[in-house]
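Reader: I am new to reading protein models, and I would like to learn how to follow contacts, cores and chain interfaces. Could we go through them in turn?

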Amino acid sequence: MEKIIVCIKGVPKPGSIKVDPETHTLKRESMELILNPNDRPALEMALRLKNTYNTEVVVISMGPPNVIPLLKYTYALGADQIILLSDRAFAGSDTLATSYVLAKAIEKLSPFSLVLMGLKSIDGETAQVPPETASLLGIPSLTNVKDLFMERGKWIAIREMDYGEEEIEVTPPIVASVSPLAFDYIRPPSLKRLLEVKTKEPLICQVKDLNLDPQRLGLQGSPTQVIEVFEKKIETKGLVLEGSPEELVEKLIEILKDKGLIKF
Amino acid sequence: MFEKIKLEDLSKENILAYGEFYKGELNSSSLEILSPLKEIAQTLNKKLILVSLIGSLENIKDWEEIKKSLADEVWFVINEELKDFREDLYTEVLVKIVKFSQPYGFFFPATKIGMSLAPRVAGALQVGLCAHVNNLEVKDNQIIMARPTYGENIIAKLISKSIPIMATISLGAFGIKYGEKEPSIKEIIFPEDFVWKSKLKIRRFAPSKKKPTKLSTAKVIVAGGRGLKNKETFQKLFELANLLGAEVGATRPVCYEGWVEEERMIGISGVTVRPKVYIGFGISGALQHTVGMENSEFIIAVNTDKEAPLVKIANLALIGDAGKILELLLKNLSK
């Protein structure tokens with residue numbers, strides 16, 4: 001089996017989000033980043049496949065240099081190689097521009113059997129990048145995959161649909177986004193590798209290393225543009241009651257009776 | 001049976017909506033998205049067309065819904081190979097239709113299929129794609145799309161500079177409306193040399209054992225958030241739901257915690273609801289959640305925090321520990 005590539009994303013720690021009022025994009029440089037929680041199952045799946053099929057796991061991430069600690073963390077989990085795709089020209093990329101950069105980087109890592117990503121990031125929440133990247137690579141994609149194994153040189157995937165579960169056979173290479181609920185247990189980093197990673201730095205790739213078309217990067221390469229960002233203002237509109245639980249429950253029951261939800 | 005039309009004869013610059021069929025059934029979310037798109041199409045003086053890929057006509061169970069729909073036309077592509085959803089082949093078929101009919105817009109419901117398919121189509125066409133849009137308007141002849149974003153209380157308005165303008169539209173964000181005129185139905189005939197081939201083979205399908213939740217149409221909803229503190233307390237909502245004839249809803253964090261299955265998530269990432277009565281226990285009300293329930297007729301919030309957004313939008317807010325109040329309520333109701 002050829003190598004497995006996992007794409008991860010640094011997302012702002014919930015609560016630490018700042019929007020640049022000029023460009024309407026996230027100020028990623030100033031934010032505290034955490035590993036996108038939905039990427040954990042993708043990493044876990046890759047590492048389990050690594051154990052089963054004795055293959056190499058390469059983790060890549062597109063983002064500013066403060067993603068480096070997250071990449072190092074994935075090394076401590078068991079990744080063999082870590083790569084940061086970082087260039088000022090990437091700033092403001094939408095899903096199309098992001099998928100373009102990822103596709104080019106993945107292409108450069110050929111041959112590979114599998115690309116895994118989390119279902120969606122918790123910040124952008126589009127879930128678009130995995131299928132869009134696959135589309136640009138011209139290879140099949142599957143979303144919401146909860147199990148994946150190999151049979152006679154083909155991937156067998158179990159994916160969740162709105163209607164049930166499908167078992168699909170597909171020739172590698174493919175891109176798969178992993179269901180957030182795929183695993184009950186997700187491994188912690190190993191102590192040995194945590195020590196090892198202290199001296200380990202990711203390979204850093206810029207525009208010039210990836211033969212990228214500058215027209216397709218960043219804000220300029222992003223057809224979708226945010227024209228306005230606003231915070232939703234909320235004003236108190238109803239009755240606010242304080243009191244002992246007994247008093248509050250009494251009031252609640254009164255309302256529920258009034259609404260015809262309880263009949264006595 | 002109905003008019004057959006070649007790719008090159010398709011009318012141009014329309015607004016296309018993806019009509020999701022799965023084993024002969026039309027997903028109602030495809031009818032939902034027609035409601036805002038009809039208004040957009042009328043404002044821009046364009047036709048609204050529902051595009052569906054199906055294995056055969058015999059299996060179609062929803063003719064009545066199709067005939068009543070807001071679409072001006074329905075375009076079918078019918079081929080045995082389209083019986084299962086396979087994203088590579090489906091993408092190629094849709095890309096062909098786009099190349100020939102040069103639509104102004106192409107919109108998908110944010111179902112699992114829509115969210116797998118739309119990015120592939122957008123990628124192949126190298127055009128922009130907005131996600132989870134829950135409001136659409138036309139301003140200066142331009143389609144402006146809004147979506148809650150960054151998982152916080154921020155709303156972004158977006159445009160797409162490429163044509164077709166593409167987006168996935170949030171489930172439940174719009175109600176289904178019916179049209180006055182039956183749409184004309186056409187079957188698109190693909191050229192002889194089109195290769196109906198996919199790299200995917202569906203080996204087995206296991207339908208969901210659970211019945212789909214009735215959240216989006218429920219009249220009463222009792223929902224819980226992290227303020228309920230643990231799974232055991234959250235589970236008590238099911239007892240309450242039973243007593244009130246309600247459905248149980250949840251916020252995103254508690255679904256991710258595994259307190260309840262993701263089908264019960266209300267909000268941007270889940271379903272949009274508009275019950276007559278909504279009771280939120282221990283839900284602070286991040287925009288992520290409130291976007292999906294703010295149109296409820298009567299909102300009751302139970303929360304310790306007087307400043308919580310849900311407390312502010314509620315018609316009635318009870319300030320106290322949600323878990324305690326839930327338990328006491330159950331005790332009093334079962335007396």
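Reader: Leaving aside its neighbours within four places in sequence, which residues is Phe281(B) in contact with?

Author: Please keep in mind that this is a predicted model. Apart from neighbours within four places in sequence, Phe281(B) is in contact with Val222(B), Ala223(B), Gly224(B), Gly227(B), Leu228(B), Leu237(B), Val302(B), Ala322(B) and Leu326(B).

Reader: Which residues touch the most other members of the largest nonpolar core?

Author: In soluble globular proteins, nonpolar side chains tend to be buried together. Here the largest nonpolar core has 176 residues, and those touching the most other members are Val6(A), Val101(A), Leu116(A), Ala176(A), Phe107(B) and Phe281(B). Helix 3 of chain A, residues 95-108, gives the most to this core, namely eight residues. In chain B, domain 1 (3-189) and domain 2 (215-333) both give residues to the core, so it lies between them.

Reader: How many residues of these two domains of chain B are in contact?

Author: Ten residues of domain 1 of chain B are in contact with ten residues of domain 2 of chain B. On the domain 1 side, these residues divide into three nonpolar, six polar and one charged.

Reader: And how many residues are in contact between chain A and chain B?

Author: Here 66 residues of chain A are in contact with 71 residues of chain B. Helix 6 of chain A gives the most to chain A's side, with nine residues, and by class that side has 34 nonpolar, 14 polar and 18 charged residues.

Reader: How do strand 9 of chain A and strand 14 of chain B run, and what joins them?

Author: These strands run antiparallel and are joined by seven bridges; Gly164(A), for instance, has Pro207(B) in strand 14 of chain B as its bridge partner.

Terms used. Residues are numbered from 1 along each chain as its sequence is written. Chains are lettered from A and ligands numbered from 1 in the order in which they are written. This is a predicted model: local features need pLDDT of at least 70, side-chain atom pairs count only at pLDDT 80 or more; totals for chains, interfaces and linings use all residues. A nonpolar core is a set of buried Ala, Val, Leu, Ile, Met, Phe, Trp, Tyr and Cys residues joined through C-beta atoms within 7 Å. A residue is buried if 20 or more other C-beta atoms lie within 10 Å of its own, exposed if 12 or fewer, and partly exposed in between; C-beta atoms are placed from the backbone. Helices (H or I, at least four residues) and strands (E, at least two) are DSSP runs, numbered from the N terminus. Domain bounds come from an automatic or database domain assignment. Two residues are in contact if their C-beta atoms, placed from the backbone, lie within 7 Å. Ala, Val, Leu, Ile, Met, Phe, Trp, Tyr, Cys and Pro count as nonpolar, Asp, Glu, Lys and Arg as charged, and the others, Gly among them, as polar. Two strands pair if DSSP finds at least two bridges between them.
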